[in-house]
Amino acid sequence: GEYEVDLWGYDQEVADYLALVTGFLFHRYWRVEMTGLEHIPNEGRGLLVANHSGVLPLDGAIIAYGVREHHPAHRLVRVLMDDWFLTLPFVSVLLTKSGHVPAHPDNGRRLLDADELVLAFAENPKGISPFYRERYRLGRFGRGGFVKMAIETGAPILPVAVVGVEETYPLVVDLKPVAQWLGAPALPVPLTLPWLGPLALLPLPSRWTIDIGEPIVAHLEDESLIDNPAFVSDITDLVRNRVQEWVNKRLAERRSAFR
């Protein structure tokens, strides 16, 4: 039938259908508790920066759904995704139609200049699939590319802490040679694979929390600071530390990853 997509390939009709599945995962399967939505403006630009884990883009889709459904303005979040997802048949089409965009600084700047909400995962790709024993230890937040993007566009940075996703696929083995051959950042083998057979490919029903922190705006309006490595590094560390603090707080509060 007839349908419309925007300049980035977003299709409202397809996104509505996908929201039925994402909504089930959000409310029933992972029972997500989301806080801090009041920190997201009703209009205008904003750069959400979250911790990330696992090869699959589960956390990006869940964060975007939570903002779309529960924020007062029901805002669309543009998720910056790894280029590898563009190589996956069918999956790449669905991600694009639901609001995902290739993770490139130019794309992020263009979206922010258009007063969009952008979600970026700042951790180094080598650290997005830590082993289960190393879960929730945030990796390095790159070289501050997201900070430069915020300075250039005048967008506030909103730290986002996600807890629960690490337990969806407990990683015990990473088949790096196979992953490199496929062009993937990693190829995790979950703990449940030998015991559950094909059912191990399904994510476990862990309970998630998503906390959106207060925006960081101090001094980001001064574009001359983009050439100051010390300032960029300080803001990068500030965002990472805030996310890690929220993650640690949630881990200390929960009694079980699944209840």
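A search of the whole structure finds 14 salt bridges, a salt bridge being a side-chain nitrogen of Lys or Arg within 4 Å of a carboxyl oxygen of Asp or Glu. Before I go through some of them, please keep in mind that this is a predicted model, in which local features need pLDDT of at least 70 and side-chain atom pairs count only at pLDDT 80 or more, while totals for chains, interfaces and linings use all residues. Residues are numbered from 1 along each chain as its sequence is written, and side-chain values use heavy atoms, with hydrogens and water left out.

Let me take Asp 11, which forms a salt bridge with Lys 97, the closest N and O atoms being 3.8 Å apart. This pair links distant parts of the chain, with Asp 11 in the segment before α1 (12–29) and Lys 97 in helix α3 (residues 91–97), 86 residues apart. Helices here are DSSP runs of H or I with at least four residues, and strands are runs of E with at least two, numbered from the N terminus. Are Asp 11 and Lys 97 buried or exposed? Both are buried, where buried means under 20% relative accessible area, exposed means over 50%, and partly exposed lies in between, with a 1.4 Å probe and protein chains only.

The next pair is Glu 116 and Arg 78, whose closest N and O atoms are 3.4 Å apart in a salt bridge. Here, too, distant parts of the chain are linked, since Glu 116 sits in the loop between α4 (105–113) and β5 (117–121), and Arg 78 sits in strand β3 (residues 77–81), 38 residues away. Glu 116 and Arg 78 are both buried.

Within helix α8, Glu 253 and Arg 250 lie three residues apart, about one turn of the helix, and they form a salt bridge with closest N and O atoms 3.7 Å apart. Glu 253 counts as partly exposed because its relative accessibility is 44%, whereas Arg 250, at 12%, counts as buried. These two residues also belong to a network of salt bridges that links Glu 33, Asp 211, Lys 249, Arg 250 and Glu 253.

Finally, staying with α8, I turn to its contact with α5, where contact means heavy atoms within 4.5 Å. Phe 146, Val 147, Lys 148 and Ile 151 in α5 meet Phe 231, Val 232, Ile 235, Thr 236 and Val 239 in α8.
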